[in-house]
Amino acid sequence: MAAVSPRDVYYLVRDSNCEFEKWLSSLDSNSQFRIDAYIDRFESGHRLDIKKLNNCEGCSEIKMDFGPGYRAYFNSDAPEKDELTILLRGGTKRTQSRDIKKTADDWRWYKKKYQEAKKKNLIQRMMELIFRRRSDEEE
């Protein structure tokens, strides 16, 4: 697999909840470990099985080839030209339709908050409130 540029990966925190972390922590430890390894490879810039989702505000999914068809849903944004990747949710093939709808809703919520913060020149503060840097959890 060819590598691309490493990326900064953040979790979206909405109303004090991080849906991706909540979902991940509900799984058995082996699945958590394997999903975390997928996200590490994604963060390092490796190409994975990624699919752009239709009717989902530009979001994509990382398809994982184990378990019940695990998926991680994300989108990328470039506020102030520093591109970042935001993990929104996780799920399985069975819950995919519902997960995609919720992912689109999360992204619309983020974009609305971003526009509100931009009008008030509060983008940095907004970023601190609704994102948690993925690498911070390991420290």
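These notebook entries record what I looked up in a predicted model of one protein.

**Entry 1: ground rules.** I numbered residues from 1 along each chain as its sequence is written. Because the model is predicted, local features need pLDDT of at least 70 and side-chain atom pairs count only at pLDDT 80 or more, while totals for chains, interfaces and linings use all residues; side-chain values use heavy atoms, with hydrogens and water left out.

**Entry 2: confidence.** I looked up pLDDT (the predictor's confidence in each residue, from 0 to 100) and found a mean of 86 for the protein, with 88% of its residues at 70 or more. Confidence is lowest in α4, at a mean of 76, and highest in helix α1 (residues 19–25), at 96. Helices (H or I, at least four residues) and strands (E, at least two) are DSSP runs, numbered from the N terminus.

**Entry 3: the sheet.** I traced an open sheet of 6 strands in the order β2-β3-β4-β5-β1-β6, with mixed pairing; two strands pair if DSSP finds at least two bridges between them. The edge strands, β2 and β6 (131–133), each pair on one side only. Direction ignored, neighbouring strands are turned by 35 degrees against each other on average.

**Entry 4: strand pairs.** I then followed the antiparallel pairs.
- Strand β2 (residues 50–52) is joined to β3 (residues 60–63) by 3 bridges, and I50 has I62 as its bridge partner in β3.
- β3 pairs with β4 (residues 71–77) over 4 bridges; the partner of E61 in β4 is Y73.
- β4 pairs with β5 (residues 84–91) over 7 bridges, and D77 is partnered by L84 of β5.

**Entry 5: helices on the sheet.** I noted that helix α2 (residues 29–44) packs on the sheet and touches β1 (9–12), β2, β3, β4 and β5, where contact means heavy atoms within 4.5 Å. The direction of α2 makes about 125 degrees with that of β3; such angles run from 0 to 180 degrees between N-to-C directions, and axes are lines fitted to C-alpha atoms, for helices over the stretch in contact. Helix α4 also packs on the sheet, touching β1, β5 and β6, and its direction makes about 70 degrees with that of β6.

**Entry 6: α3 against α4.** I recorded that α3 (residues 96–119) and α4 (residues 123–130) pack at an angle of about 150 degrees, with their axes 8 Å apart. That makes α3 roughly antiparallel to α4, a term for angles over 145 degrees. The contact is made by W109, Y110, K113, Y114, A117 and K118 of α3 and I123, M126 and I130 of α4.

How values were computed:
Parallel < 35°, antiparallel > 145°, perpendicular 65-115°, else oblique.
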